[in-house]
Amino acid sequence: MSLPIIQGKTLSDAWNYRGKPADRSNSGGWTSAAMILGTEACERLTTLGIAVNLVTYLTETMHLGSATSATTVTNFLGTSFLLCLLGGFVADTFLGRYLTIGIFATVQATGVTILTISTIVPSLRPPKCNRDGSTACTPASGMQLIILYLALYMTALGTGGLKSSVSGFGSDQFDDSDPEEKSRMTNFFNWFFFFINIGSLCSVTILVYIQDNLGREWGYGICACAIVIGLVVFLSGTRRYRFKKLVGSPLTQIAAVFVAAWKKRHLELPSDASLLFEIDDAAEGLKKKKKKKKKKQKLPHSKEYRFLDRAAVKDPSVAEANKWNLATLTDVEEVKLVIRMLPIWATTIMFWSVHAQMTTFSVSQANTMDRHMGKFQIPPASLWVFFIGSILLTVPIYDRIIAPITRKFLKNPQGLTPLQRIGVGLVLSIIAMIAAALTEIKRLKVASSHGLTNNPSAQIPMTVFWLIPQFLIVGSGEAFIYTGQLDFFLRECPKGMKTMSTGLFLSTLSLGFFLSSLLVTIVHKVTGTKHPWLPDNLNKGRLYDFYWLLAIMSCLNLVIYFVFAKRYVYKDKRLADHGIELEEAEPTFH
């Protein structure tokens, strides 16, 4: 179907690869978006294909301890998400999304290739040994660890840069000022979510099976090939892509407001907020300079965090104003909006620490249990199928059943609000850790009753399906908290700082994984002598106590979350109280 002629053949805010205004008929749209979707599927296949089964590679092949292996995995994942912030900053400020994706996908492909080579070259791995406890295995050291960490962190760097820009670049292929293209953009995000899960399912089934049965060199080799194919597919669409100008990073605006406020900390604040520098004043200055800039939505003055208002006070001693010594009141209020979200942001970190256990100790538990289903033996990391399946089931169940019911009883058109969905996710994480602790207690009893406590490589006669509840519950919790966080940060972030919603969300994942690493390190150091909770032989440990610790910490975190969530006032209500209608923001997925 052709687009209306009144829209014109070219777009005013998008360019082609030659730097000329993009033509609607031969740029953007589904052809470009399909190539970006293929790239994302390859990225997810590669990243998850390495991450979910990494703990068994570290313990069985590299002979690292359980605690060390767990922290290595969570540090790898935490770094991947943390570097999304760096990738987003680089894309928004310097390179643009296209170059950022191309460069960082190349870095990721290099990292996975090095990891593949390390599984092929014998000198880059410690010698094989029998892990039945009769002899000590030589752990990886020296150059072996250097190559391992180089490969993992190059992969993390590439993942972070690619992930930060791929969904945004996909949305750039559609013109949101045209109704038809805007509806296609919504469909793009639905397909984006679908391809993420297709890549995830392939990685936790096919790839994990290949790694465990044909060898890591084949599994990681396929990962390397996948990301290279994704890069080639992405670059092949260069002539059809729409490119948009750099928008600048919202982190720069936040830093500028704090710097300007600090510089003028000795100035008196005016009693009348209308005397503060505002958008209308800035627009007048721009007219004099004959520059055009899209006007922000003006925000009303608020009384909280008044020290930041000094950023909008004109300093008579400054001859020429710039963003580092003078901000508009709306710029200041946008920063205040971000600050108000920080308590909610901080209390969602704990969920991702619980989530981290699904890629570490839960997989290690599965490795000791009976994984047979008839004659077929399930790879321990393939339990992630239940995790992903739980997410995919929870979303439609919420949309079709829970949302209509809550809509009726809570009188809320959304069903559950974003904060309520986050709360449900936090509650489910507590239930999951209780289930995990009880399952581990049973596993240890079975191991003890069969005299297998001292044999770390023995198969305990207890079906691995006992672990399914914790995967299902955490997966369901992620469906609630993932959508709740994205909705909350997207709605509450100022429209001019849309990419900040991505940064706030991804930083909770990153800090959650790092918090898990910190907890494992502390627990292992405190308990690692007489009665270790997390020994190399989990049959002699007290992993259940670690799960109880996470459950208790999650309960305390939930109480704190409820306090801040109860006090939080949504942005649309805050603006409505001042008679201002909220401008619509665009959707985003990661």
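Me: Which residues make the nonpolar surface patch of about 610 Å²?

Reply: This is a predicted model, where local features need pLDDT of at least 70, side-chain atom pairs count only at pLDDT 80 or more, and totals for chains, interfaces and linings use all residues. Numbering runs from 1 along each chain as its sequence is written, and side-chain values use heavy atoms, with hydrogens and water left out. Patch members have over 30% relative accessible area and no salt bridge, with nonpolar side chains (Val, Leu, Ile, Met, Phe, Trp, Tyr) joined within 5 Å and like charges within 9 Å; areas are Shrake-Rupley with a 1.4 Å probe, and for residues only the protein chains shown count as cover. The patch is made by L393, I397, I401, I405, F409 and L410.

Me: What's the distance between N and O in the salt bridge of D175 and R24?

Reply: A salt bridge here is a side-chain nitrogen of Lys or Arg within 4 Å of a carboxyl oxygen of Asp or Glu, and the structure holds 17 of them. For the side chains of D175 and R24, the N to O distance is 3.0 Å.

Me: How many residues apart in sequence are the parts that R242 and E181 tie together?

Reply: R242 forms a salt bridge with E181, closest N and O atoms 2.9 Å apart. Since R242 lies in the loop between α7 and α8 and E181 in helix α6, the pair ties together parts that are 61 residues apart in sequence.

Me: Which residues do salt bridges that share partners join into one network?

Reply: R242 is buried, at a relative accessible area of 1%, and E181 is buried too, at 2%. D175 is buried at 5%, and R24 counts as buried at 11%. The network joins R24, D175, E181 and R242.

Key
Buried means under 20% relative accessible area, exposed over 50%, partly exposed in between (1.4 Å probe, protein chains only). Helices (H or I, at least four residues) and strands (E, at least two) are DSSP runs, numbered from the N terminus.
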